[in-house]
Amino acid sequence: MAGIQDFWCFEDDFIGGGTFGTVGQGDPWVITDTSSAGTPLYTRVDHGETAGTFRPGVAKLVFDSQAEAQNVCLSFGDKLAFDINKVRGFECGCRFVAGTGGAKDTTTTVAWGLTGDRNDAIDSIAIASIFRLASTSAVLPVVIENDDATNTNDDVATGFSMVDTSWCKFKIDFSNLDDVKYYAGLATGSLSRVGAATTMKMSAYAAGLQPFFQLQKTSDTNVDAFEIDYVRVWGVR
């Protein structure tokens, strides 16, 4: 009979009062925080918003107003728990919240998905299958990237844009590592495949992956935020 002996699934809805720390604390998540004088926020919150959009648990990453470079990353602390040859999918719900004026600051970068060992510089991550925000405007075009140390595609246009404060959902299909597929959509709608004109290969890599959500800015006072409603990663044993 098929069951947990054949399949696995990691899910987190970020419900409850647990705290994120820079070392593992009975929780798979680890925060990397490069701030020095500042104190960016990384915590679990609830969002009692308008009827029908209530989020019972959200992971919130947000800069403080200290004029310095800050990098806040939520990951497994480079514990690469998910064998790429056994992973079948990644999905998350998230949103960007601009600190001022309804537009992402020009110094802010955001990336999320599955990666190997993390790096403060997103383009220096050797193994990655990720979404990124690549715009400074209120309408936030999403691009996709992959790197398996042999095959690399950077800043592939998706035609999908996030809008400040709007919840969105994203999915990556790893069932064929010679053609990894990306999907995006608003939380209130359906997912559509994006970036299909580019073949995204991850087949040259044969080790582990971890969930990765990174918000970073160069030296600036902005208080942009990134919020994750849920994350799910699944596969076979």
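## Salt bridges

Asp27 and Arg44 are joined by a salt bridge in which the closest N and O atoms are 2.5 Å apart; the term denotes a side-chain nitrogen of Lys or Arg within 4 Å of a carboxyl oxygen of Asp or Glu. Asp27 lies in the loop between strand S1 (7-12) and strand S2 (30-33), whereas Arg44 belongs to strand S3 (residues 41-47), so the pair ties together parts that are 17 residues apart in sequence. Helices (H or I, at least four residues) and strands (E, at least two) are DSSP runs, numbered from the N terminus. Asp27 and Arg44 are both buried, where buried means under 20% relative accessible area, exposed over 50%, and partly exposed in between (1.4 Å probe, protein chains only). This is a predicted model, in which local features need pLDDT of at least 70 and side-chain atom pairs count only at pLDDT 80 or more, while totals for chains, interfaces and linings use all residues. Residues are numbered from 1 along each chain as its sequence is written, and side-chain values use heavy atoms, with hydrogens and water left out.

The whole structure contains 11 salt bridges. One of them pairs Arg95 with Glu227, the closest N and O atoms being 2.8 Å apart. This pair links distant parts of the chain, with Arg95 in strand S7 and Glu227 in strand S16 (residues 225-236), 132 residues apart. Both Arg95 and Glu227 are buried. Asp123 and Arg132 also meet through their side chains in a salt bridge (2.9 Å, N to O). Here Asp123 is exposed, at 57% relative accessibility, whereas Arg132 is buried at 12%. Salt bridges with shared partners join Asp12, Asp27 and Arg44 into one network.

## Polar contacts of buried residues

Thr108, in strand S8 (residues 108-115), is buried, with a relative accessible area of 3%. Its side chain forms a polar contact of 2.8 Å with the side chain of Asp224. A polar contact is a pair of N or O atoms within 3.5 Å; within protein, one must be able to donate a hydrogen and the other to accept it, and residues adjacent in sequence count only if both atoms are side-chain atoms. Neighbours within four places in sequence aside, the residues in contact with Thr108 (heavy atoms within 4.5 Å) include Phe63, Phe96, Leu215 and Asp224.

Arg55 is located in strand S4 (residues 55-62) and is buried, with a relative accessible area of 13%. The side chains of Arg55 and Asp229 make a polar contact of 3.3 Å.

## Nonpolar cores

A nonpolar core is a set of buried Ala, Val, Leu, Ile, Met, Phe, Trp, Tyr and Cys residues joined through side-chain atoms within 4.5 Å. The largest has 51 residues, of which Leu74, Trp112, Met162, Phe170, Phe213 and Phe226 touch the most other members. Strand S7 (residues 87-97) supplies the largest share of this core, 5 residues. Apart from this core lies another of 7 residues, among them Cys73, Ile122, Ala128 and Ile130.

Residues up to four places away in sequence not counted, the contacts of Phe213 include Trp29, Leu74, Cys92, Trp112 and Phe226.

## Cysteines

The structure has 0 disulfides, a disulfide being a pair of cysteine sulfur atoms within 2.5 Å. The sulfur of Cys9 is too far for a bond, because the closest cysteine sulfur, in Cys92, is 14 Å away. Cys92 is in no disulfide, and the nearest cysteine sulfur, that of Cys94, is 4.2 Å away. Cys9 is partly exposed, with a relative accessible area of 42%, whereas Cys92 is buried at 0% relative accessibility.
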